[in-house]
Amino acid sequence: MAHVHACDHDHDQPGLSGGALVAGLTAAEARCAAAGQRLTAPRRRVLELLLGSGQPVKAYDLIAAYGAGGEPAKPPTVYRALEFLSRHGFAHRIESLNAYIACGGGSEGHAAAFLICDCCGRTREIAPVGAAEIERLAAERGFTLTGLTVEAHGRCEDCPA
Ligand SMILES: [Zn+2]
Ligand SMILES: [Zn+2]
């Protein structure tokens, strides 16, 4: 599946495959069940594609890659699945790339920060520093925080500046 960026630098594939991919999906199913939600077939398939990529993927690439036999999904199927996965902490939307990335694990609606390489597109989730402070300042203003995502752009260690 095409990544958001492509460069000639050499990278490992960060996505999950084989047993690790199955384990990731099984863990997601267990988390859904514990929360009284259902990892329906479309949600599971979209999460599988995101975990397999390990990188931000645009919705239209998910739609195109959805069918095992190469047939595309109906767009609303994928958008609804992405909405569920994002809302429940299985994936994050990266606004600046207009793409989605699987979450390495975290609670529902957790704050997240991303280091995004503008050369190869490799994107890493890190714990956002200062999230508690933003939550406090928001609460002081009577603001109900429903999401917090920090997107940091630059160059990864494998892409020479
Ligand atoms: Zn996350
Ligand atoms: Zn890079």
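The model is a predicted one, in which local features need pLDDT of at least 70 and side-chain atom pairs count only at pLDDT 80 or more, while totals for chains, interfaces and linings use all residues. Residues are numbered from 1 along each chain as its sequence is written, chains are lettered from A and ligands numbered from 1 in the order in which they are written, and side-chain values use heavy atoms, with hydrogens and water left out.

To begin with the salt bridges, one of them joins R93 to E95, with the closest N and O atoms 3.0 Å apart. R93 itself is partly exposed, at 29% relative accessibility (buried means under 20% relative accessible area, exposed over 50%, partly exposed in between, with a 1.4 Å probe and protein chains only). Another pairs E133 with R136, and here the closest N and O atoms are 2.9 Å apart. Both of these residues sit in helix α5 (residues 131–140), three residues apart, or about one turn of the helix; helices (H or I, at least four residues) and strands (E, at least two) are DSSP runs, numbered from the N terminus. An α-helix has 3.6 residues a turn, so residues three or four places apart point the same way. E133 is partly exposed at 41% relative accessible area, and R136 is partly exposed too, at 39%.

A further salt bridge runs between R122 and E157, whose closest N and O atoms are 3.6 Å apart. This pair links distant parts of the chain: R122 belongs to the loop between β3 (112–117) and β4 (123–126), E157 to the segment after β5 (149–154), and 35 residues separate them. R122 is buried, with a relative accessible area of 13%, whereas E157 is exposed, at 57%. Both take part in a network of salt bridges that links R122, R124, E157 and D158.

Now for the metals. The zinc ion (ligand 2) has C117 (SG), C120 (SG), C156 (SG) and C159 (SG) as its protein donors, 2.3 to 2.4 Å away. Donors here are N, O and S atoms within 2.8 Å of the metal (3.2 Å for Na, K and Ca), and water is not among the atoms, so sites may look incomplete. Along the chain these donors follow the spacing C-x2-C-x35-C-x2-C. C120 lies in the loop between β3 and β4 and C156 in the segment after β5, so the two tie together parts that are 36 residues apart in sequence. C120 and C156 are both buried.

The zinc ion (ligand 1) is held by H92 (NE2), C103 (SG), H110 (NE2), E125 (OE) and E125 (OE), at 2.0 to 2.8 Å. Its donor residues are spaced H-x10-C-x6-H-x14-E in sequence. Since C103 is in the loop between β2 (99–102) and β3 and E125 is in strand β4, this pair ties together parts that are 22 residues apart in sequence. C103 is buried, at 10% relative accessibility, while E125 is partly exposed, at 29%.

Helix α1 (residues 18–34) has 17 residues and spans 25 Å from its first C-alpha to its last, close to the 24 Å expected at 1.5 Å a residue, where the expected span is 1.5 Å times one less than the number of residues. L21, L25, A28 and C32 are buried in α1. They cover an arc of only 60° around the axis, which puts them on the same side of α1; the arc is that of the directions from the helix axis to the C-beta atoms. These buried residues pack against α2 (41–53) and α4 (75–87), contact meaning heavy atoms within 4.5 Å. The face of α1 turned away from its buried side carries exposed G19, A33 and A34. Just after α1 comes G36, with a positive phi of about 75°.

Helix α4 has 13 residues and reaches 18 Å between its first and last C-alpha, close to the 18 Å expected at 1.5 Å a residue. Its buried residues are V78, A81, L82, F84 and L85. Seen down the axis of α4, they fall within an arc of 165°, so they line one face of the helix. The buried residues of α4 pack against α1, α2, α3 (59–65), β1 (91–94) and β2. G89 follows α4, and its phi is positive, near 80°.

Conventions: A salt bridge is a side-chain nitrogen of Lys or Arg within 4 Å of a carboxyl oxygen of Asp or Glu.
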